[in-house]
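Me: I've got this one open on my screen. Can you walk me through it?

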Amino acid sequence: FGIDAITGIMNNDNAKLERIKKSCRVGAKVTRILMIIMIVATVIGIAGGITILKMGPKYDEMAIATGNEQGFSYSYSSYSVLNVNMDMNNMKSDVPALQEYIEKCPLAASHGVMILSTSLALILPIVLLAIINVTFKKMSESDTPFKAEIKKRILITMIILAVAAGLTMGVGEGAIIAILAWIVTSILDYGISLQQQYDETL
């Protein structure tokens, strides 16, 4: 190959790598935005759940007055944003003080606990988004994504996603993500091999 041909190939490869880095930067921004939204939702949910539990009987009176004995909903336009529907008869506790609170204000107990548990459940997705965000950042800052360090980070991220999916959604979903992790790492292995060959020719 002549110098011009080699230069053209290098420029083309650099352009492709820059597109990959740009995609990673976009991915980092998107995951960061989602993470912030979920953190805000979690904080609001925890604060709301605690407020309802503190209101106690007063909340029950308000819920009955507004016809929300069995739950509540929030809609925007024609879309249902939040809907909670619970059977109050199933709420029981072995702790005497908690059981007394449930009997005294069952609506506050059930609604407050539901909002708190839902909000706390968002912590795991937030952690996963943070891990994915760091992975995207590392890839965008690296001179090439085809490195053993990047491959290891992606593999660890996908293993964590697979375990989380298996625990929360089911073994089938976790297995699918595990298979995807194997496919992605196989592609990265090939990319790393090509990158090494490319570096040796320079």
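Reply: Start with pLDDT, the predictor's confidence in each residue, from 0 to 100. The model is predicted, so local features need pLDDT of at least 70 and side-chain atom pairs count only at pLDDT 80 or more, while totals for chains, interfaces and linings use all residues. Residues are numbered from 1 along each chain as its sequence is written, and side-chain values use heavy atoms, with hydrogens and water left out.

Me: What pLDDT does the protein chain average?
Reply: The average is 78. At least 70 is the score for 78% of the residues.

Me: Where is the pLDDT below 50?
Reply: Over residues 72-86. In the model, that stretch has 23 contacts beyond near neighbours in sequence. A contact means heavy atoms within 4.5 Å. Where pLDDT is low, the predicted coordinates should not be read in detail.

Me: How many helices and strands does the protein chain have?
Reply: Seven helices and two strands. These are DSSP runs, numbered from the N terminus: H or I with at least four residues for helices, E with at least two for strands. Along the sequence the pattern reads α-α-β-β-α-α-α-α-α.

Me: What share of the contacts join residues at least 24 apart?
Reply: 65%, counting contacts between residues at least 6 apart in sequence.

Me: Let's do packing. At what angle do H3 and H4 pack?
Reply: About 110°, with the axes 5 Å apart. H3 covers residues 96-104 and H4 covers residues 106-121. Axes are lines fitted to C-alpha atoms, for helices over the stretch in contact, and angles run from 0 to 180 degrees between N-to-C directions. H3 and H4 are therefore roughly perpendicular. The classes are: under 35 degrees roughly parallel, over 145 roughly antiparallel, 65 to 115 roughly perpendicular, the rest oblique.

Me: Which residues meet there, in H3 and H4?
Reply: Tyr101, Ile102, Glu103 and Lys104 from H3 meet Pro106, Ala108 and Ala109 from H4. By class, that contact has five nonpolar, no polar and two charged residues. Nonpolar covers Ala, Val, Leu, Ile, Met, Phe, Trp, Tyr, Cys and Pro; charged covers Asp, Glu, Lys and Arg; the others, Gly among them, are polar.

Me: And H2 with H4, what's the angle?
Reply: About 90°, with axes 7 Å apart; H2 is residues 57-65. H2 and H4 are therefore roughly perpendicular. Tyr59, Asp60, Ala63 and Ile64 in H2 meet Pro106, Leu107, Ala108 and His111 in H4. The H2 contact with H4 has six nonpolar, one polar and one charged residues.

Me: New topic. How many salt bridges in the whole structure?
Reply: Two. A salt bridge is a side-chain nitrogen of Lys or Arg within 4 Å of a carboxyl oxygen of Asp or Glu. Glu18 pairs with Arg25 at 2.8 Å, N to O. Lys151 pairs with Asp189, at 2.8 Å, N to O. Lys151 is in H6 (residues 148-168) and Asp189 in H7 (residues 171-201), so this pair links distant parts of the chain, 38 residues apart.

Me: What's the relative accessible area of Asp189?
Reply: Asp189 has 37%, partly exposed. Buried means under 20%, exposed over 50%, partly exposed in between (1.4 Å probe, protein chains only). Lys151 is partly exposed at 22%. Glu18 has 40% and Arg25 has 34%.

Me: Is Thr42 buried or exposed?
Reply: Buried, at 6% relative accessibility. Thr42 lies in H1, residues 3-55. Thr42 touches Ser119, Leu122, Ile123 and Ile126, leaving out residues up to four places away in sequence.

Me: And how much of the protein chain counts as buried?
Reply: 30% of its 202 residues.
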